[in-house]
Amino acid sequence: MEAELQRVGRAVEAELQRIGRLIHAAFPGRGLNPLRALDHKAMELASQDMELRAALFRFVDVTPACRSLDDLARHLTGYLDEVDARPPPLEAAMKMSGTKAGRAALGAAAAAGVRRMAHRFIVGETPRAALRSIRDLWEHGAAVSLDLLGETTVTEAEADHYAARCVDALETLAAAAPRWPGRPVLEADSLGPLPRVNLSAKVSALTPLLRPEAPELGREDAARRMRPVLARAKELGAHLHIDMESVDTQEATLDLVFELLDEPELRDGPSAGIVIQAYLRESPEQLERVIDWARGTGRRPPLVVRLVKGAYWDQEVVEARQHGWTPPVFEAKRESDRNFEVLTRRLLESWPYLRPAIASHNLRSVAHAVAYNRELGREHRELELQVLRGLGDDLAAALTQHGMRVRVYCPVGDLVAGMAYLVRRLLENTANESFLGEQQRGTPIEELLAAP
Amino acid sequence: MTVSEHTTAGFRNEPILELRRAPARESLLAALRELDAKLPLKVPVVIGGDRGAAEGIDSTDPGAPERLVARAGRASEEDAAAAVEVAVRGFREWGARPAVERAEALRGAAARLRERRLELAALQVRECAKPWGEADADVCEAIDFLEYYAREAIELDRGRPILQAPGERNTMRYVPRGVTAVISPWNFPLAIPCGMTAAALATGNAVVLKPAEQSPGSAGALADALYGAGVPPDALALVPGYGDAGAALVRDPRVHVIAFTGSGAVGLEILRSAAETLEGQDHVKRVVSEMGGKNCVIVDSDADLDDAVPEIVYSAFGYAGQKCSAAARVLVHEATADTLVERLAGAVNVLTVGQAESFATEVPPVIERESQERVMSHRASAADHLAASAEPVPERGWFVPPSVVVGLPEDSPVNREEIFGPLLAVTTVRDVDEAMDVIDSLPFALTGGLFSRSPATVERVAARSPVGNLYVNRGITGAMVGRQPFGGNRRSGSGAKAGGPDYLLQFVEPRVVTENTMRHGIPVE
Ligand SMILES: Cc1cc2nc3c(=O)[nH]c(=O)nc-3n(C[C@H](O)[C@H](O)[C@H](O)COP(=O)(O)OP(=O)(O)OC[C@H]3O[C@@H](n4cnc5c(N)ncnc54)[C@H](O)[C@@H]3O)c2cc1C
């Protein structure tokens, strides 16, 4: 038994290294687009200096709340003022801000910069406006999950509005999707058809009542609004995926999904999915709970489980430290990476009760999933790989080239709604330990693919 | 801005319970069931170790007024005098003990509270209708005060370094003042009496503790913990009672320090009474007072409303607005006023009003009938300006619907007086400077808030704001011992910061000794 496990481990590792290099070789070239090069430059500056990083991101964050170009420029210089060592272009910006005309010019330039950056991560202000980009991706061999950005839901009206936006997004996509060309890899696995229309939704947006110490309150309120969204998805043959947020909302989220999906009207659709976050210490138990549920339910089609590392790491750690709690997340990145691989194997082994979706930009994490899927004797199409628009574009292109099933998570919303999301992505992109950061610094492939 | 850190060796805040975990919630509900089986608690007057009858004061559940939570003795003026008499004796012995030994006793009391923390939180749920999260935080704060002051007192006992010149030795030390009367409120029924008592005891004073008549149960638990940990019966008396007992303590010529937290009216009366030097009084009384507030939150045009709305709602309506730090007014920039009011109103409309024992409850009943009537009458006076209200509220219990009123004339009493209930007034201002003018025109200066993402604005408001505790881009309640030393300025208090490095100084007298070390022209060191 032990020897067999070791053999499998070695085989997977070898296959992983091979696949990882193949994918890496297929990454599109860099630096073709000058605007993109500029963004890279800004990101590079931000990753080198933590003070500067904070200043720039605080500026991005406040942009939609500024009332004029002058106001924008004042905020920008206010943040830069707190940076000790300013690189020359920013020093020049500080000088410009001395005059009204200078501030107007600076504000305009900065606003354009933020808009451009936002556009990299956010496909459009509305689902309709995003249709072109979505079709483009589809034609290039990648499916999409649409995500509706929004402000924090604090009122009933906001929750109702979000639910209405969900239905509108489903309908807009469903109206457009039949006109897309056939893409067999994206449209079925051996368990059956895969919906062309795919929407990701957040429980916290569906209720103002979600509170960590009283999960049932928010759960019931969100269920009331999610039911019609699920019903509409079922009618339209669409997939609805429930994102996972911070630990504070996690119990309510999982309970809600299981409760709704077990309701008689929803037992034969729509296709639905949840998220497991591998940075959580208790994620192995959570996955077991999901597997138990999936084995026990007769529901069809099978639940999709998106495996991620988790997007709220800093928040979880700071909150726990402030309260004197043990953080619910691993504190060394390699532990998250390692756990991600453990959960990947467990998830792939629970097929066909669950459909696996591996969401990561980390070449090692992704190649590991592909290799293990092979080891289990399955074809590429039984495994979905997911990336975020703006962060995983190159990876998505490389994966589709190799005939793998890729889905790009595409946020939609205006600048105000999108800011929190944008800042999170920027932070992630410039975090020292992030895979994308390593990759941008030119870390050699051996290290990128090294076991965590 | 550079930030320096004062660390108190080995101190760390007691972790609050992780209520997002179901087992933590279940453990509290179990503690509540156990407590219910023991009610009513008996809290006698305790003087010199003699326990009187537990009769005279009934404390009831604000959410179910027919439920008797504690029966307490009612200390008379004579009891107060007797307690002081014993404390004078107790002081001689306790004040002479080494600081380390006293600190040991306080830390022992912290350990006892820690052991009973679930039960003590449950007691606050019943006795004061404090929702779980806040009840638990109050118990933790009480533990923090004991641990923090115990350590700070040892530090203070070392004295302060001062300049030395050749031929002389200068020392500066701090000694206890004497008998301290602690007069505490019901809204933090364990933490506040514990903080004032612990500070006085840690520095070597004897204490006569007169807790609020609404919450004798928690005070009884505090006294038990202190006695159990070795504080001598003569060094601490417990005199539950009404205003007459408190007034007698304040007047007593043998009392040196009066530590008071409560309403402005009572606080000013205490200051007046304590200023009078009576026949046979050989000292000037020191009053440490924490009084009311009319706490304002400024929302600038660049504020992130996603943060501001929930933080304001919690600051204003958590524990039904019955914290001295609670938000009473919002001063919002005209550019963002409409959006803020709309979102704030929507958020208030969905507040969960209910019994404190339910984890879903955000707004519990207020403490007693008079409070309910006071808040309701203020609310009625502003009825034309009502923008939101979470209704209906339960029939049984002293409930008040949490409400937002908008655009009252500046001189409306709702804008100027401390209401101490779930009523929030929103005023639109031209800019942050106008907001600061409004704040300057109020007599209070306890806490304040600012939501702004401009470093320049944050700096400007911090420099100009008179408040004792200014919170930027977060809620304005929930000060933590050692992290947010707490207390108000102007008419809000005497400025001492509870849970901070200066607090103990109010309970001691500095003494400087200068010794000539020259003998026949030869320095003897
Ligand atoms: C399609 C898609 C959907 C997603 N949906 C969700 C979702 O619903 N909910 C959600 O939370 N996230 C979601 N994410 C985000 C995801 O959780 C990660 O934040 C992101 O993908 C980065 O992880 P990585 O594997 O790509 O990169 P890597 O660089 O390999 O990993 C970065 C991640 O490692 C973890 N980490 C970083 N530092 C440490 C440390 N010191 N100790 C322990 N762990 C650390 C963090 O999770 C961090 O995000 C999604 C991602 C994608 C691609």
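## Start in chain B

Select strand β1 (residues 41-43) and strand β5 (residues 64-73) of chain B: the two pair in the parallel sense over 3 bridges. Two strands count as paired if DSSP finds at least two bridges between them. Helices (H or I, at least four residues) and strands (E, at least two) are DSSP runs, numbered from the N terminus.

This is a predicted model: local features need pLDDT of at least 70 and side-chain atom pairs count only at pLDDT 80 or more, while totals for chains, interfaces and linings use all residues. Residues are numbered from 1 along each chain as its sequence is written, chains are lettered from A and ligands numbered from 1 in the order in which they are written, and side-chain values use heavy atoms, with hydrogens and water left out.

Now click on A72(B). In β5(B), A72(B) is the bridge partner of V43(B). A72(B) is also the bridge partner of I57(B). A hairpin of 2 residues joins β4(B) to β5(B).

Step back to P40(B), in the loop between α1 (22-38) and β1 of chain B. The peptide bond between L39(B) and P40(B) is cis, with omega about -5 degrees.

## Two helices side by side

Select helix α3 (residues 99-115) and helix α5 (residues 132-157) of chain B. Their axes come within 8 Å and cross at roughly 170 degrees. Axes are lines fitted to C-alpha atoms, for helices over the stretch in contact, and angles run from 0 to 180 degrees between N-to-C directions. α3(B) is therefore roughly antiparallel to α5(B); angles over 145 degrees count as roughly antiparallel, under 35 as roughly parallel, 65 to 115 as roughly perpendicular and the rest as oblique.

Show the side chains in the contact (heavy atoms within 4.5 Å). From α3(B), look for residues including L106(B) and L113(B); from α5(B), look for residues including L146(B) and I154(B). Which classes make up this contact of α3(B) with α5(B)? It has 13 nonpolar, no polar and 5 charged residues. Here Ala, Val, Leu, Ile, Met, Phe, Trp, Tyr, Cys and Pro count as nonpolar, Asp, Glu, Lys and Arg as charged, and the others, Gly among them, as polar.

## The open sheet of chain B

Move on to 7 strands of chain B in the order β14-β15-β16-β13-β12-β18-β19: they form an open sheet with mixed pairing. β14 (386-389) and β19 (469-472) stand at its edges with a single partner strand each, so one side of each has no neighbour in the sheet. Neighbouring strands here are turned by 20 degrees against each other on average, direction ignored.

Zoom in on strand β13 (residues 327-333) and strand β16 (residues 423-429) of chain B, which run parallel and share 5 bridges. V330(B) has V426(B) as its bridge partner in β16(B). Helix α11 (residues 334-349) of chain B packs on the sheet, and its direction makes about 145 degrees with that of β13(B). Helix α12 (residues 369-381) of chain B lies across β14, β15 and β16, at about 35 degrees to β16(B).

Two loops deserve a click. P392(B) lies in the loop between β14 and β15 of chain B, and its peptide bond from E391(B) is cis, with omega near -5 degrees. A320(B) lies in the loop between α10 (305-317) and β13 of chain B. A320(B) is not a glycine, yet has a positive phi of about 55 degrees.

## Across to chain A

Show both chains. The contact takes 34 residues from chain A and 31 residues from chain B. The area buried between them is about 2,700 Å², with 51% from carbon and sulfur atoms. Buried area is the accessible area (1.4 Å probe) that two parts lose on being put together, summed over both. Select V154(A), E213(A) and W325(A): they supply 21% of the area that chain A buries against chain B, more than any other three residues.

The interface holds 8 salt bridges, each a side-chain nitrogen of Lys or Arg within 4 Å of a carboxyl oxygen of Asp or Glu. A salt bridge joins R343(B) and E158(A) (2.6 Å, N to O).

## The barrel

Finish in chain A, where 8 strands close into a barrel in the order β1-β4-β5-β6-β7-β8-β9-β10, with parallel pairing. Its neighbouring strands are turned by 30 degrees against each other on average, direction ignored. Strand β6 (residues 271-277) and strand β7 (residues 303-308) of chain A run parallel, joined by 5 bridges. I274(A) stands opposite V305(A) in β7(A).

Last stop: the salt bridge of R364(A) and E13(A) (2.7 Å, N to O). The pair links helix α15 (residues 363-375) to helix α1 (residues 2-25) of chain A, 351 residues apart.
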